[in-house]
Amino acid sequence: MFVAQLTSPEAGARAAAVLLIPVGATEQHGPHLPLSTDTDLAAALCARAAARRADLLVAPAVAYGASGEHAGFPGTLSIGRAALELLVVELCRSATDTFSRIALVNGHGGNVAALGRAVTLLRSESRDVRLFSPDYRGDAHAGHAETSLQLALDPARVRADRAEPGDTRPLAEVLPLLRAAGVRAVSANGVLGDPTGANADAGEELLTAATAALLDRLRHWWPRHPEEGTAR
């Protein structure tokens with residue numbers, strides 16, 4: 001299911017597949033989650049969807065995003081909105097030489113504006129590119145939702161003994177200050193929410209729902225729905 005594991009002729013033989021491109025980030029996720037969290041979740045979502053259908057392929061993840069709001073926290077590696085937009089435009093232009101249908105699967109909210117502009121430009125060039133951003137609901141960043149998701153993927157990635165609440169106010173309340181001055185202005189530990197009650201069962205439910213939503217989003221490309229789990 002992973003395009004990078006195919007040879008060039010094998011990729012050509014799969015040109016009718018939909019190419020899923022996970023787009024994440026490398027940014028702080030509090031004292032208890034890895035910097036790769038957004039990329040991990042986007043890649044896992046793509047892999048789970050591709051495991052359900054033989055006509056999906058997964059590209060290597062884009063591990064850098066627009067994470068300027070996390071500036072000041074050690075380890076955050078941001079390329080900014082303009083660079084992300086250009087990267088995705090050029091990547092998809094290249095990818096459509098082989099694959100006519102591409103879905104960008106986004107794992108970081110800060111990427112949405114850049115990805116939206118990239119998709120608008122690509123579609124103006126008659127390239128069939130779509131954007132999907134899962135809605136995991138719950139708290140905004142490194143809280144119950146994302147911590148539960150990481151626990152479902154791999155508990156070893158979570159430093160559970162370091163999990164602590166951050167700013168637990170509703171996102172709408174803190175958003176003006178967050179946009180103006182970044183996450184550090186509202187949360188000293190980088191957490192927006194409370195991860196202390198997170199658990200793998202909750203994360204699995206969120207992943208299952210997000211996978212179903214992604215597959216549903218892709219259905220406009222399928223004239224009929226083959227049996228899920230078709231053997232490759």
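A pocket, on a 1 Å grid over the protein atoms alone, is an open set of points where a 1.4 Å probe fits, with protein on both sides within 12 Å along at least five of seven lines. Its volume is the space filled by probe spheres set on the points, which are joined across faces, edges and corners.

The model is predicted, so local features need pLDDT of at least 70 and side-chain atom pairs pLDDT 80 or more, whereas totals for chains, interfaces and linings use all residues. Residues are numbered from 1 along each chain as its sequence is written, and side-chain values use heavy atoms, without hydrogens and water.

**Figure 1. The largest pocket.** The largest pocket holds about 990 Å³ of space. It is lined by 36 residues (those with an atom within 4 Å of a point), and the closest to its centre are H108, G109, G110, A140 and L171.

**Figure 2. Helices in the pocket lining.** Helices are DSSP runs (H or I, at least four residues), numbered from the N terminus. Two or more lining residues come from each of helix 2 (37-52), helix 3 (80-95), helix 4 (112-124), helix 5 (144-153) and helix 6 (171-181). Helix 6 gives the most, with four residues.

**Figure 3. Cysteines C46 and C92.** A disulfide is a pair of cysteine sulfur atoms within 2.5 Å, and the count here is zero. C46 is in no disulfide, as the nearest cysteine sulfur, that of C92, is 12 Å away. C46 is buried (under 20% relative accessible area, with a 1.4 Å probe and protein chains only), at 0%. C92 is likewise buried, at 0% relative accessibility.

Notes: Buried means under 20% relative accessible area, exposed over 50%, partly exposed in between (1.4 Å probe, protein chains only).
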